[in-house]
Amino acid sequence: MKKTTTMLAAAAGVLALSVSVASAEKLVIGLASEPTSLDPHFHNLGPNNAMSLHIFDRLINQDEKQRLMPGLAVSWEPIDDLTWEFKLREGVTFHDGSAFNADDVVCTVERAPDVPNSPASFGTYLKGKTAVKIDDYTVHFVTEEPYPLMGNDLSTVPIISDETGCSASTEDFNAGTAAIGTGPFMFESYTPGDSIVMSRNDGYWGDAPAWSEVEFRPLTSGPSRVAALLAGDVDMIAGVPTTDITTLEGNDEIQLSQGVSNRVIYLHMDQFRENSPFVTAKDGSEITNPLMDVRVRQAISMAINRDAIVERVMEGVAISAGQLLPEGFFGVSENLEPVAYDPEGAKALLAEAGYPDGFAMTIHGPNDRYINDAKIAEAIAQMLTRIGIETAVETMPRSVYFGRASRGSPDGLPEFSFILVGWGAGSGEASSPLKSLIHTHNADAGFGASNRGRHSDPEIDAVIEEALRTVDDAKRQDLLAKATEMAIENVAIIPTHFQVNTWAAKTGLRYIARTDEYTLAIGVVKD
Amino acid sequence: MTDATTEYPAPGVAAKVETPFQRFTAEFLESRVATAALMLLLLIIVLAVLAPWITPQDPYDLAQVDVLDGRLPPGSEAFAGYTMWLGSDGAGRDLFSAILYGLRISLSVGVASGVIALTIGMAVGLLAAYTGGRTEAVIMRVVDLQLSFPAALVALMLVAILGKGIENIILALVVAQWAYYARTVRGTALVERRKEYVEAAACLGLSSPRIIFRHILPNCLAPLIVVGTVQTASAISLEATLSFLGVGLPQTEPSLGVLIANGFEYMLSGRYWISVFPGLALLLTVVSINLVGDQLRDVLNPRLKK
Amino acid sequence: MTVFVIRRLMQAVLVVILMSVIVFFGVNVVGNPVDMLVSPDADQAEIQATIERLGLDRPILEQYWLFVKGALQGDLGNSFIFGEPALKLILQYMPATLELAFTSLILAIVFGIPLGLFAGLYPDQPVSKAIMAGSILGFSLPTFWVGLMMIILFAVELGWLPSTGRGDTAMFLGFETSLLTLDGLSHLLLPALNLALLNISLVIRLTRAGVREAMGQDYVKFARAKGLSTRRIIFVHVMKNIMIPVVTVLGLEFGSLIAFSVVTETIFAWPGMGKLLIDSILQLDRPVVVAYLMIIVLFFVIINLIVDILYSVLDPRVRLQDQGQ
């Protein structure tokens, strides 16, 4: 009997030991793009937001499908048309031991939109909202108009400490002295261009992370990143190039994780100029902009073989798109399918529109922004050339591209006629693309900021605006779906496919793929 | 050549009394390696020139390129029926056709930029070395200024202002390279100018252009050819690098460099042919240029004469 | 000599001023950084606010005036992307690049000169032919291609060396350096060799050309006739002759090694300022690009000065003077 106990104790000891050995593991992750700062409010940018999620929590977290989950707030609900009440989580401490309470929330909301030198602030999400402290664990957010997207907006803003963070500068965060949050990991070191190291926060309020230490290394060149994983220098990489997926799938030592993202790749067509600069007759002479004609736009959409793009260009790692967000997201339509490939029908439509011999144009696109962006542009040009629209391809670095695409013409309007772009819905629901890509361009109201084709339809605008005022989720969902259907029917935009992201890890590790494309250490689990 | 044979009764012994060109040819052909390289280079040039007539596909005509033909291994049959002996790249271009068309572009870019840069650099370098004084100081400061510009930035700026295109790439390469020639020529000429024979020539009252072109320039040729072959080769490489950085030539009309840069991402994927074949073509081209250049240098250099 | 150095330094100042104008206005022609920076979700008001926050709404001449005013006080502006002073950023990334370039230069000399000497002295040996063939390969292939090949071979297949990154560093005279730790050295080797390849080839070829030329010259023939040992002829007389082109080219190349380490640093994820530069160019971080180029120009002017002084030491026929005729 006694012996059994000893053995049990020994077994328990071994078990405890193995657990502690396992949990004392270090994880090295190779990132495709490097965050520009550890100040969570400095630059509202994907890699920065992903990194800040390790150290800082939000009031509301987004899970891997961007559904809203309680974070530092345990509940949030509108108590009247203009006020949302947030109940805060009690007993949470910052890495330095100080307690989290309403003061931290109020000072965060003040600092986040207004960080000195910030190239992209969080003002977008906090505009028109005032945080009022009711008691230590209750905060009211007051708006001037009914605002249904409160939860989505606040799920993007990292909460910092009013004692160490709110008065700190960006340099203090980068040096680590102010990088003190409530998140699952604590700052250890930051060497720009080389590494970011964090250690586990043992007092974390949520599920304890499996890794005692995490090192992030920026490896921006795709093949080098894959090589680093194969050489065993890193445990996991983000942004696996589509070209390497087949080989990695066949490698026993590597395990892939894939997931559809919130990013749609689409085409915008000049619909506001009588003579579009990059559309001409085949002999080069000026013609009236054919892209104004909905039949021509339909023909273009029908001429695009989306399955070929997915299979050949994206090597099967993408999903053909018929609307602005993949299924499963809030506000998508259940009635929309990707437009079927029909080159003959496209030719007939072109002839009906008065272009039996087609015309000539140029497709412009970036070559370093989206997965295989330049190759997609080229494939589309091939397909359009086949139905008689002689299409030239011009791709350029994003640094040159976006400026010209947004306001490159002499009068400050979009320069190009036919462009390839992508849109990731940061809020995880359909109002984001509808508001920016489909709504009539209106600088004063902040609508249509990225509507580079300038499609304009007052009826769609009205539906979008109504949706943005509707607090009732079911009604809003229907309105967003309706607006999407109207936009697709008008061919305001031509979606081609949804990006699918791929992570690769050593066998034994698995990444829980996220639609927001973030790479998070807490998402790396052991099989 | 015909003249020589008619003039002399025994062509076999004609080598004893020969024109400078004949001597030059004979000396050049002494090296079998150089001869082979010259043959190879000529073959490459002929293939490049004849590309439109001997390739099964016009890789620049998007109506002939089909993405459904993409990434096929060597020997596969294309949709249009012909065999792709070297396989196809990601966009569905037949690699054999694409390489020959790419050679045309790469060679013209390399040669055009090399010749222009050499001409400018040589003129500037000689001017600096020969005039000395303030002119030299100003010129050399400009050379310094030029050399401190990374080629990538020059190219990116030019591309942003002028748009992508062969002329712009050539311009960027010339801007990036002329200073190397200028510096080399000036360095050598500086030494030559102070040698006795030049001083003697000056005393004899020979004109400056005559001294420069007849005496100083020939002596600068050896280092110039070394730098010239290195630079022409690196012009072709640099164009590939620019493409790798995303600011090279348009990808629908790929040069050899663009093909290699595109193939770069396939290097770990097992589809070796996409970057290896264009790489091999580049290698053969550059190596043959260099071997020919080496031999030229040995033959042209008066001080290496036995 | 002193007069020469002072005059050259004055010219250097002029060059730097001229450069600042060219670079500042050149960089400002390219693209619009705001579109790169703002979040896609941003509306037009937010974009306008960002333009004002970064001072991009001011006329370009005013922007240049502000830049010059700052530069005179040692402030080259704040990075758009990082929000920190551009100068500080560059100095932070600089040691890694200098270390890489310096190591490459040493590799170029250590490999290049002996191989070139051998190939020059025994041009007909098969080994010499192999050396020359190798040197041709060295600059025939694009750096990025060779770099990845090296990673695949030495890191992935053989597993001898780490694939990317800088490894452990140690502090030396206030700088982080990889040269003092074994791990750091193992990380340094591949990128340094990759960066050095072109220069090794160049040095081999220059050395060989110089040797062959010198061996045929009268003073060498004379020295031989006088009965001087071959070793003495080679190391005293021949070396002197080949050092001029080698020093010129390497002097030029050191600056361009730093400037052009862009590609190597990208492939090997080496946290140097070349990578910072290409990232800054691609993201239109104008202040960093301008500051980087100013520093590089300064570097170049200094290196050229050193090269010219070395010239005069190596070859007394070249006088250190800017005189006319």
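**View 1. Strands S6 and S7 of chain A.** S6(A) and strand S7 (residues 138–143) of chain A run antiparallel and are joined by six bridges. One bridge pairs A:Lys133 with A:Val139 in S7(A). Helices (H or I, at least four residues) and strands (E, at least two) are DSSP runs, numbered from the N terminus. The model is predicted: local features need pLDDT of at least 70, side-chain atom pairs count only at pLDDT 80 or more, and totals for chains, interfaces and linings use all residues. Residues are numbered from 1 along each chain as its sequence is written, and chains are lettered from A and ligands numbered from 1 in the order in which they are written.

**View 2. The open sheet of chain A.** The order of its four strands is S4-S5-S7-S6, with antiparallel pairing (two strands pair if DSSP finds at least two bridges between them). Strand S4 (73–80) and strand S6 (129–135) are the edge strands, each pairing on one side only.

**View 3. The core residue B:Tyr181.** B:Tyr181 is among the residues with the most contacts inside the largest nonpolar core, which has 330 residues. Such a core is a set of buried Ala, Val, Leu, Ile, Met, Phe, Trp, Tyr and Cys residues joined through C-beta atoms within 7 Å. Helix H4 (residues 95–131) of chain B gives the largest share of this core, 18 residues.

**View 4. Helix H4 of chain B.** Of the 37 residues of H4(B), 26 are buried, so the helix is largely enclosed by the rest of the structure (buried: 20 or more other C-beta atoms within 10 Å of the residue's own, with C-beta atoms placed from the backbone). Just after H4(B), B:Gly132 has a positive phi of about 70°.

Technical notes
A residue is buried if 20 or more other C-beta atoms lie within 10 Å of its own, exposed if 12 or fewer, and partly exposed in between; C-beta atoms are placed from the backbone.
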